[in-house]
Amino acid sequence: MSESLPQLRPAVAALPSYIAGRRSSSPNTAPLASNESHFPPLPAVLTAIAGAGARANRYPDMFSSALTERVAEWLGVATDQLAFGPGSVGVLAQLINALCDPGEEVVFAWRSFEAYPILCKLAGAVPVTVPLTSDERHDLPAMLAAITERTKVVLLCSPNNPTGASISEAELIDFLNQVPAGVLVVLDEAYREFGPADALNPVTLLPRYPNLCLLRTFSKAYGLAGLRVGYAVAQPELADGLRKTQVPFSVSAVAEAAAVAALGSLDEVARRSSEVVAERQRVIAAARDLGWTVPDSAANFIWLRTDDQRRLALVDAFDAADILVRGYPVDGVRITIGDAESNDRVLAVLAAHPELRQ
Ligand SMILES: *Cc1c(COP(=O)(O)O)cnc(C)c1O
């Protein structure tokens, strides 16, 4: 019998640990590290949570039927095109497990969402990263060129976390026209509600591109990050595969009821999102006036590219001002748009540190 203790799979032992946005319980701290909504939950959501909580002794509906029907009606898709999971990160984990055998490749831009390489490695898939362009956008021609016969999935993040750049309708269609039909293109739209109101709704592309899958979440604009619910919109065969790979009951009845309630308050969600957009534009303009280079953002955060030394100093400067932001080794700093007062505090830090501009 072996003397050694139980060992993790090598792929798991070698995983980078997910670095969650830092937290603070102090009311003076501006929590701008995790792209959460700064608005309190919608009143209808709180009511729905209380109602669902009273049934917490029961398992939830395994496939979130009420939410599935509501979203299908809202998006104008069939219910069998939807698959829900514990956040869109949960759905993405299901997706990679459903598609990739060990050694198969997943192409995505870098820097992008830090969950991507972790989910790939966990599934035994090989992450293939393609550097962003110098203006912080996906380099779609280079991503096409990175596709091999081992590629199963291409992940597009639009707007991109953490740079805020979005992929235009023309770029997306051009890309979809060139990707081999056997490669799944996943469009992660976690921040879509903060983009231009007249932006393409990629749901309309699904009939034309059966290898397209959309990922959406209730965590950001809908303010339900703490409840964990997101979904994929795809062809029925893929959605079915996603349901098979779901950890059973991973979307709670509380989360489902809250998401249904949020969809009953879409006007208020839209009003809140446009307030965030207005603040984002104010912050970007003011930071540029202060001499900072800030790329356009279509999300609820802004991006400051810095070298590593300035990155550390800038995060420290924000820490000293009791503002939690997200620093990324080598690349820069991401700052969530909060309420107007928090955003003013961000601008005050930027104004006080011209030596950290880049
Ligand atoms: C926040 C975020 C998500 C959504 O995460 P949830 O698991 O739904 O909370 C997905 N993709 C990106 C790029 C994100 O930034």
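**Close-up views of a predicted model**

**View 1. The pairing of β11 with β12.** Strand β12, which covers residues 332-336, runs antiparallel to β11 and is joined to β11 by three bridges.

**View 2. The surroundings of the ligand.** The ligand is surrounded by 13 residues, and the closest are Ser88, Tyr191, Thr217, Ser219 and Lys220. A polar side-chain atom of tyrosine 191 lies 2.6 Å from a ligand oxygen atom, while in the side chain of arginine 228 an N or O atom is 2.7 Å from an oxygen atom of the ligand. The backbone also takes part, with an N or O atom of valine 89 placed 3.1 Å from an oxygen atom of the ligand. The ligand exposes 390 Å² when taken alone, and 94% of that area is buried by the protein.

**View 3. Glutamate 149 in its loop.** Glutamate 149 belongs to the loop that links α6 (140-145) and β5 (151-157). With a relative accessible area of 72%, which is over the 50% cut-off, glutamate 149 counts as exposed. Although 33 residues separate glutamate 149 from glycine 182 in sequence, their C-alpha atoms are 9.4 Å apart in space.

Terms used
Residues numbered from 1 in each chain as written. Predicted model: local features only at pLDDT ≥ 70, side-chain atom pairs only at ≥ 80, totals over all residues. Heavy atoms only, no water. Helix = DSSP H or I, 4+ residues; strand = E, 2+ residues; numbered from the N terminus. Buried < 20%, exposed > 50% of the residue type's maximum accessible area, 1.4 Å probe, protein only. Pairing = 2+ DSSP bridges. Near = heavy atom within 4 Å. Polar contact = N/O pair within 3.5 Å; in protein donor to acceptor, adjacent residues only side chain to side chain. Areas by Shrake-Rupley, 256 points an atom, 1.4 Å probe, with all protein chains shown as cover.
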